[in-house]
Amino acid sequence: MPNLQTAIFVLACCFAVIGGAVADTPQRVRVAVLADKGVEAAEEEWDYVLDWLNHDVPGYEFVIVAFDHPELREAVHAGNVDFLITNAGNYGEFEYSEGVSRIATLDSPLALSPSRAVGSAVVVRGDSGLTELAQLRGKHLLAASHDAFCCYQIAARELVEAGVDPEKDLGELEFTGFPIQSIARAVRDGKADAGFLKTCLLEQMIDSGALKAGELRVLNPQDIPGYPCQTTSRLYPDWAFAALKGTATDLSRKVTVSLLEMPSSPEGYRWAIPAHYAVLDELFRDLKLGRYANLQEVTLTDLVSRHRYTLLVIALLIVLLLIHTIRVDYLVTRRTRELQRAHQEKEDMAEAMRERQQALDHSSRLAVLGSMASAIAHELKQPLAAIDNFARGIDRRIAAGRLEPEPLRDGCNEITLQSQRADATIERIRNFARKGSSTMQSVNLLAYVREAVELFEVAHPEANIQWLSMNRQDDTRVKADPIQIQQVTFNLLKNAIDAQSMQGRARAAITVSLEREGAGYRVGVRDQGGNLTEEQVAHLFEPFFTTKSDGLGLGLALSKWIIDAHGGTLKLTRETAGVCASFWLPEEQLDE
Amino acid sequence: MNEQDAIIYIVDDDDAMRRSLAYLLDSAGWQTRALASGREFLDSYDGHVPGCLVLDVMMPLMGGMEVQQTLGERRISLPIIFLSAHGDLPMAVQAMKRGAFDFLEKPCKDHVLLDAVGRAVRQSIKQSLDQELVAEVRTRIESLTLREREVAACLAAGDCNKTIARKLDISDKTVQVHRHNAMEKLQVHSTAEIARLILLAGEPKPPG
C-alpha cells in the first residue's frame with residue numbers, strides 16, 4: 001500500500017498546505033520563559049517543548065519569548081504573554097501577585113519527584129573550617145541574585161532557620177548574577193567564604209572537569225535517600241508551566257493535555273501533573289517574600305522600593321517645602337532688608353528733622369528775640385538811664401560845691417552797679433541767641449523759672465504775674481539747659497499775655513506755679529485769656545499753627561520740642577477762664 | 001511857702017531808676033521821697049505841699065495813670081510829671097487831658113526833668129497860695145450878715161444903690177449902711193474889688 005501511503009502523505013501534505021492556508025493566520029501564542037542563564041540558552045533549552053506544542057496543538061503558533069526577572073514580571077503584569085515557564089519560586093510569586101495558574105510541572109530525571117526536584121547547595125572551600133550554617137554569620141557570601149530561586153531563596157531559608165538573617169547577619173552578601181558556575185569558581189579561588197549553588201551543579205562541574213572533587217564542600221548536607229546530588233536545603237518542586245489569568249481555558253486545556261503527552265526529551269525531561277507547591281508557601285513565609293512580603297522586617301531599602309511612588313511624592317513635597325522655605329527665607333531676608341532700609345530712611349529723616357529743628361530752634365530764638373526787642377531795649381535803657389542820672393547828679397553836686405564824699409561815692413558805686421547790670425543783660429541775650437549752645441547742667445529749676453519771669457516782667461510791665469510756688473530757697477534740682485527752660489517759660493508767659501491782650505484783659509492775673517509732681521516738677525502758667533476750642537488746643541503744638549494775628553506759630557511747637565528733649569512733658573489744659581500751659585521735668589537723678 | 005519846703009515824690013518800680021532819679025534831684029537840691037509803687041505812695045502821702053510827683057507810667061499792679069486817677073478822686077492837686085519808657089502818644093494825651101503837669105520820655109536829659117520839676121513846684125506853690133487866698137476871702141465873706149452879703153452880691157453884679165434898695169425893698173440909707181459895713185469887713189475899697197473876691201470864693205450868684 002505504498003500508493004495509499006503516498007496518497008495519504010500527499011493528502012496530508014495537501015491538508016497541511018490547506019491547513020497552512022487555513023492557518024494562514026494561526027493564532028500566535030506567546031510563551032514566556034525565565035531566562036536565568038541568558039536568552040539564547042533559554043530558547044535553546046525550551047526549544048524541544050515549543051516544537052512539540054507547535055506540532056501537537058494545531059491552529060496555534062507557539063512562540064518562545066525569553067525574559068530576565070524584571071522583564072518577565074513586567075510582561076506578565078501587562079498580560080503580553082499567554083503562558084510562562086519559570087522556576088517554582090518565581091511561579092509562586094506570580095501565582096500570588098498575578099493570578100497565574102500552573103498547568104504542569106517539569107519532571108526532571110534527577111528529581112525524586114516533580115515536587116521534590118531542586119534544592120540549594122551552600123558550598124565552602126574544601127579546606128574551610130566552616131561546618132555549620134550558623135557559622136556563616138559575618139562571612140562573605142555569593143549568590144546569583146535576590147530573585148534567584150535555587151541559588152538564593154532556597155538557601156536563604158535554611159540560613160534563616162539556622163538563625164542567620166542573610167540580609168542582615170552576613171558580613172557581605174554579594175549577588176554575582178548568572179552563570180552560577182562563577183560562584184563555584186569564586187569560592188574555590190577564595191574570593192568569598194561561601195556560595196549558593198543549585199543542587200547537582202557541583203556534581204556536573206566535577207563530572208565535566210571544571211572542578212576537582214574535594215575543592216568545594218557542601219555545608220550541612222541533607223540526607224535524602226535516592227537523591228543523587230548533595231544538598232544543603234530541603235527539596236522543592238521543579239519548574240512550572242503556567243497559564244496567565246487571561247488565557248483562554250480551551251487553549252490552556254489543549255496545552256495541558258499536550259504537555260502531559262509530550263514524550264521525554266533526549267535528556268529525560270517530561271511534564272507531569274502540577275506538583276503541590278505548599279512547600280513554597282512555607283519558604284515564602286520564612287523569607288517573608290511574595291504574599292508574605294509585608295511580614296518582612298522593614299528596612300530602609302525595602303521601604304524605599306516598596307513605597308517608591310509615595311516616597312517620590314513625599315520627596316517632591318519635601319523639595320517643594322524646601323523651595324517654599326527657601327523662598328520664604330529669601331522673602332523674609334528681603335523684607336528685613338527693606339525694613340532696615342526703611343528704618344534707615346526714617347533715621348535719616350529724623351536726623352534731618354533734628355537738624356531742621358535746630359535751625360528752627362535758632363530762628364525761633366531769633367524770632368523770640370525780635371519780639372523781645374523792645375524789652376531788650378528797655379532792659380538796657382534802664383541801667384543806662386540810671387547811669388546817666390547818677391553821673392549828672394554827681395556833676396551837679398560838684399558844680400554846686402557840695403563835695404561831701406559819701407554821696408559822691410554812692411553815686412559812683414551806683415554807676416558801677418548799673419554798668420554791670422547792663423553787661424549781664426547783654427550776656428544773657430547773647431546766650432539766648434547763640435545757636436546749638438545747649439548745655440545740660442544741674443540747675444535749680446525754681447531759680448531759672450523765677451529769672452525768666454522777672455525778665456518777662458521787665459519786658460511786659462503791664463503783666464500781672466502772681467507767684468504760687470515754693471519758697472525761693474527750695475532746691476528744685478533738674479538736669480536741664482537753663483537757657484532753653486527760660487525760653488520755654490518765656491514763651492508760655494508770652495502766650496498767656498498775648499491771649500489776655502486779645503481779650504482786652506492784659507492786666508488780668510497770670511498765675512505762675514511750680515509744684516512737685518511725681519518724680520519731678522511742674523511749672524504751670526495759667527492765664528485768663530479766654531478759652532480755646534478743643535481743636536485749637538489739639539493743633540497748638542504744630543509748628544506754624546497760631547491763633548495770633550502776628551504770631552509765627554513756633555512758640556509751642558518749639559517749647560514742646562525742648563521739653564521733650566529734656567525727657568519731660570508739655571501740656572495744655574483748657575480751664576474756665578483761659579488756658580493752663582505747663583511743663584514737667586524729671587528731677588535730677590543723683591548718682592551718689 | 002517857698003521851694004525849700006517842696007518835696008519831690010518819685011514813684012518807679014525799677015530800683016536803679018528810682019534811686020538814680022532821687023540822687024539826681026537830691027544833687028539839684030530837692031528834697032525827695034522815693035517809693036516803689038503807686039500803692040505805697042497813695043498810702044503814705046499826707047497831703048504835703050508844695051511839691052510834685054515824678055511818676056513812672058508802666059508799673060505792675062498799679063500803673064501811673066491809675067495813680068493819677070486816684071489822686072484826682074481825692075482832690076489832691078499835686079502836679080504830676082509822668083515818665084514813660086515807651087513814647088506812648090495816646091497815653092500821653094490822655095494823661096495831659098486829665099491834668100498831668102508834663103509827660104517825659106525816659107531817659108530824659110537831666111535839665112529837662114529838673115526844669116519840669118522846678119516848674120511843677122512853682123505851680124504847686126502858686127496853687128497853694130491861691131488856695132490860701134480863697135480860704136481868707138471865704139472867711140471874710142462868711143463874716144458878713146445876710147443883708148450885707150445880699151448887698152455885696154448886688155454890688156458885685158453892678159447894681160447902683162437905688163436899684164439895690166428897690167430889689168431888697170429897703171431904703172437908700174439902709175443900703176448905704178450895709179455897703180459901708182460890707183466893704184469894711186471885706187477889706188476892699190471899691191465895688192470892683194468886691195466883685196473879684198466873690199468870684200474868687202466861687203460864691204453862688206444872688207437870687208433874682
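## Burial and overall make-up

A residue counts as buried here if 20 or more other C-beta atoms lie within 10 Å of its own. By that criterion, buried residues make up 35% of the 592 residues in chain A. The model is predicted. Chain A holds 17 helices and 18 strands.

Chain B has 208 residues, of which 39% count as buried. Nine helices and five strands build chain B. Along the sequence they follow the pattern β-α-β-α-β-α-β-α-β-α-α-α-α-α. For contacts in chain B between residues at least 6 apart, 64% join residues at least 24 apart.

## Where the chains meet

The two chains touch through 24 residues of chain A and 18 residues of chain B. On the chain A side, helix H12 (373-399) and helix H13 (405-433) each supply at least two residues. H12(A) gives the most, with 15 residues. By class, the side of chain A that touches chain B divides into eight nonpolar, seven polar and nine charged residues.

## Helix H3 of chain B

Helix H3 of chain B spans residues 64-73, and its buried residues are B:Gly64, B:Val67, B:Gln68 and B:Leu71. These four lie on the same side of H3(B), because they cover an arc of only 100° around the axis. An α-helix has 3.6 residues a turn, so residues three or four places apart point the same way.

After H3(B) comes B:Arg75, with a positive phi near 55°.

## H5 against H9 in chain B

Helix H5 (residues 110-143) and helix H9 (residues 191-201) of chain B cross at roughly 115°. Their axes come within 9 Å. H5(B) and H9(B) are therefore roughly perpendicular to each other. The crossing is left-handed.

H5(B) brings B:Leu133, B:Val134, B:Val137, B:Arg138 and B:Ile141 to the contact, and H9(B) brings B:Leu197, B:Leu200 and B:Ala201. Seven of these residues are nonpolar, none is polar and one is charged.

## H6 against H8 in chain B

Helix H6 (residues 146-156) and helix H8 (residues 172-185) of chain B pack at an angle of about 90°. Their axes are 9 Å apart. That angle makes H6(B) roughly perpendicular to H8(B).

On H6(B), the contact is made by B:Arg147, B:Glu148, B:Val151, B:Ala152 and B:Leu155. On H8(B), B:Val175, B:His178, B:Arg179, B:Asn181 and B:Ala182 take part. The class count for H6(B) with H8(B) is five nonpolar, two polar and three charged residues. For H5(B) with H9(B), the count is seven nonpolar, no polar and one charged.

Note on methods: Residues are numbered from 1 along each chain as its sequence is written. Chains are lettered from A and ligands numbered from 1 in the order in which they are written. This is a predicted model: local features need pLDDT of at least 70, side-chain atom pairs count only at pLDDT 80 or more; totals for chains, interfaces and linings use all residues. A residue is buried if 20 or more other C-beta atoms lie within 10 Å of its own, exposed if 12 or fewer, and partly exposed in between; C-beta atoms are placed from the backbone. The arc is that of the directions from the helix axis to the C-beta atoms. Two residues are in contact if their C-beta atoms, placed from the backbone, lie within 7 Å. Ala, Val, Leu, Ile, Met, Phe, Trp, Tyr, Cys and Pro count as nonpolar, Asp, Glu, Lys and Arg as charged, and the others, Gly among them, as polar. Axes are lines fitted to C-alpha atoms, for helices over the stretch in contact, and angles run from 0 to 180 degrees between N-to-C directions. Angles under 35 degrees count as roughly parallel, over 145 as roughly antiparallel, 65 to 115 as roughly perpendicular and the rest as oblique. A crossing is left-handed if the near helix is turned anticlockwise from the far one by less than a right angle, and right-handed if clockwise.
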